[in-house]
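Here is a short briefing on how one protein model is packed. Look at the sequence and structure first, then read the points below.

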Amino acid sequence: MLDPRLEQFLTDRLKGVPHSAGDLLSHFRGTHDLLRRWGSPEAVCLAGLLHGVYGTWHVSHKTLTLVERDTLRSLIGEEAEALVYLFAVTERPKDFIASLDRHPIILRNHHTGTDMTLSRDQLDRLLEIEAANIIEQNEPADEILDHCLRAKLSPGAIAGIEAHLGGRRAVAC
């Protein structure tokens, strides 16, 4: 169950905002619920719930601006908010995948034009959110999901991605 303040925030800020095949609130909840079913860490689930709230490389709608980071941090915690921020300011999933074999992991912040150093754990968590985001929307992104499996994901995420890919590949044959 979500904190009542977070529920109110979601309703106030996201209800009725269009997104791909439905609305943004439904997509965010679907991503969160998928991560929860996978047994992902709480910070990952919360970041999945709000993964595009600042907008992303692919989605220009911004529910919150980057100067409102403290607002989100107070609702979901520092770790989850940091993941949401990284999801917003990077060219994902391209930069995430390109960084899988790098050490150190340095990504370009396209908002500030500066480089950021990420931990391996942060990259793995971002790829888990990316996978849930893709699967929730049923995007045809099998190659990206294959790359996600190279990260250290939760066991439930690995099983969920493999089941998704197996089902898609069985239909394609």
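The largest nonpolar core has 56 residues. A nonpolar core is a set of buried Ala, Val, Leu, Ile, Met, Phe, Trp, Tyr and Cys residues joined through side-chain atoms within 4.5 Å; buried means under 20% relative accessible area with a 1.4 Å probe, protein chains only. This is a predicted model, where local features need pLDDT of at least 70, side-chain atom pairs count only at pLDDT 80 or more, and totals for chains, interfaces and linings use all residues. Residues are numbered from 1 along each chain as its sequence is written, and side-chain values use heavy atoms, leaving out hydrogens and water.

**Core**
- Leu6, Trp38, Leu50, Val53, Ile76, Leu127 and Ile161 have the most contacts inside this core.
- Ile76 touches Leu6, Leu46, Leu50, Glu81 and Val84, not counting residues up to four places away in sequence; contact means heavy atoms within 4.5 Å.

**Helix α3**
- Seven of the eight residues of α3 are buried, so this helix is largely enclosed by the rest of the structure. Helices are DSSP runs (H or I, at least four residues), numbered from the N terminus.
- The buried residues are Ala43, Val44, Cys45, Leu46, Ala47, Gly48 and Leu49.
- They pack against α1 (4–14), α2 (24–38), α4 (69–76), α5 (78–89) and α7.

**α3 and α7**
- The axes of α3 (residues 42–49) and α7 (residues 120–137) come within 10 Å and cross at roughly 50°. Axes are lines fitted to C-alpha atoms over the stretch in contact, with angles from 0 to 180 degrees between N-to-C directions.
- Ala43, Val44, Ala47 and Gly48 of α3 meet Arg125, Glu128 and Ile129 of α7.

Methods. Helix = DSSP H or I, 4+ residues; strand = E, 2+ residues; numbered from the N terminus. Buried < 20%, exposed > 50% of the residue type's maximum accessible area, 1.4 Å probe, protein only.
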